[in-house]
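Here's a quick briefing on how this one packs together. Have the structure open while you read.

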Amino acid sequence: MASTLLPSTVFVFFSFLLATDIVYSQSFIGINYGQVADNLPPPSATAKLLQSTSIEKVRLYGADPAIIKALANTGIGIVIGAANGDIPALAADPNFAKNWVNANVAPFHPASKIILITVGNEVITSNQENLMNQLVPAIQNIQNALNSMSLGDIKVSTVHSMAVLRQSEPPSSGMFHPNYMTVLKELLEFNNATGSPFTINPYPYFAYRSDPRPETLAFCLFQPNAGRLDTNTNIKYMNMFDAQVDAIRSALNSMGFKNVEIVVAETGWPYKGDNDEVGPSLENAKAFNGNLIAHLRSMVGTPLMPGKSVDTYLFALYDEDLKPGPGSERAFGLFKPDLTMTYDVGLSKNGQSTPSSPKTTPVTTPSSPANNPSTKAPTSPKPKAGGGSWCLPKGGVSDAQLQANLDYACGRGLDCSAIQPGGACFEPNTIASHAAYAMNLFFQNGGRDPWTCDFSQSATLSSNNPSYDGCNYPGGST
């Protein structure tokens, strides 16, 4: 397929732009600001940090008023979120939606530049049919509430994992999973009518974990590689990010929604992980994020969306030290709590250079064969068949850690209604009791692999069934 080259004079001028401060005003570079941590700097310090960078948008997973206030009059666009647990009430009661907007948007906007509300996170791929069916009504009620308060310039959408696709290779064959088609069609009609984006979480890191070959790593890190040919279009893709985004583009186009824009709500690479994890390293994280930023700044776009960079929110601003799971889950931060850089990818406005392709050597292991398809590599055996297995908090774990575990587990689209008021496991109404139920639910739904019962080393497997009275803890034989 023939490519069009820029005339040399235009290329020289474009290169000059990239070398000057003009590069530091880019609305397409955002960052995720997670708070599952106990060591984060105050929001006011974070606001100043962000103003010293070329980051122009911040995505929150909730609607923390302290953060929203701290970003007032900075010009930084803010994405706020409504939790999965709020969806049933938002869908059922327009007044609840209006009260939500009154509490989380109206007091701050427009001084705090709220640009998007995400209702739920990866709901459609949670396979909770009831929650999926309530998603679009919840979104519509939020939009109606905004309109009634003359805040209709704020868009409303939801965030999807790449599992929303049934097929993604080659990119031109991108197709949504038929199980989700009914709700997706309704959602996309809303996106199309309101101009709100289809937001996704593409992670080349996870693609590499499932195919840990050196050539795949280079493809994921935007480093020199042979490319991958889409034989349907004769387009050769040179990086995984473009391939993943274009697979979503193809799926949208195939449903007739060519005008619905894509936003990348999350993408990133961990700079360290456990010994048995393949891919995390400082070199790989710097290569991925640095080359991604350079790719976005080039304005080349993707093969199916040329000449424009997709709005992309990097994951993440800080490490979240209370996150459960493998070590990599707590090592995505581009900045440390003391506001220094974990590694430099050229985001600072203070004259540090924009990185071109870093010449770091990709780290393909640690100490595991490059062709090993395992992505989890449990370090302890699963319980033997015939016995029960439940994931429970260890003794002496702080309430802060238990609350973080509870928030994390129930924030992954799981059905935590049993520990809501009126639920079978609501009593006793304590953080310890609710966290125990949620942590076990996360473990049972995560394939019952031991690494899903880690929670920053605050959990342990038990053969004793913790169910009581009418409260039934999922579990059983492996």
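For the helix pair below, axes are lines fitted to C-alpha atoms over the stretch in contact, and angles run from 0 to 180 degrees between N-to-C directions. Keep in mind that this is a predicted model.

**Helix 6 and helix 7**
- Helix 6 packs on helix 7 (residues 181-194) at about 15°, and their axes are 9 Å apart.
- Angles under 35 degrees count as roughly parallel, so helix 6 is roughly parallel to helix 7.
- Their crossing is left-handed.
- On the helix 6 side, the contact is made by Met132, Val136, Ile139, Gln140 and Gln143; helix 7 brings Val183, Glu186, Leu187, Phe190 and Thr194.

**Nonpolar cores**
- The largest nonpolar core holds 101 residues, and the members touching the most others are Ile80, Val105, Val119, Ile142, Phe176 and Ile248.
- Helix 6 (residues 129-148) shows up again here, giving the most to this core with nine residues.
- Leaving aside residues up to four places away in sequence, Ile80 touches a list including Leu60, Ile68, Trp100, Val105 and Ile117.
- There's also a second, separate core of 26 residues, with Cys410, Leu441, Phe443 and Cys453 among them.

**Helix 13**
- The buried ones, including His434, Tyr437 and Phe442, pack against strand 15 (390-393), helix 12 (399-410) and strand 16 (459-462).
- Just after helix 13, Gly447 takes a positive phi of about 85°.

Note on methods:
Residues numbered from 1 in each chain as written. Predicted model: local features only at pLDDT ≥ 70, side-chain atom pairs only at ≥ 80, totals over all residues. Heavy atoms only, no water. Core = buried A, V, L, I, M, F, W, Y, C linked by side-chain atoms within 4.5 Å. Buried < 20%, exposed > 50% of the residue type's maximum accessible area, 1.4 Å probe, protein only. Helix = DSSP H or I, 4+ residues; strand = E, 2+ residues; numbered from the N terminus. Contact = heavy atoms within 4.5 Å. Parallel < 35°, antiparallel > 145°, perpendicular 65-115°, else oblique. Left-handed = near helix turned anticlockwise from the far one by under 90°.
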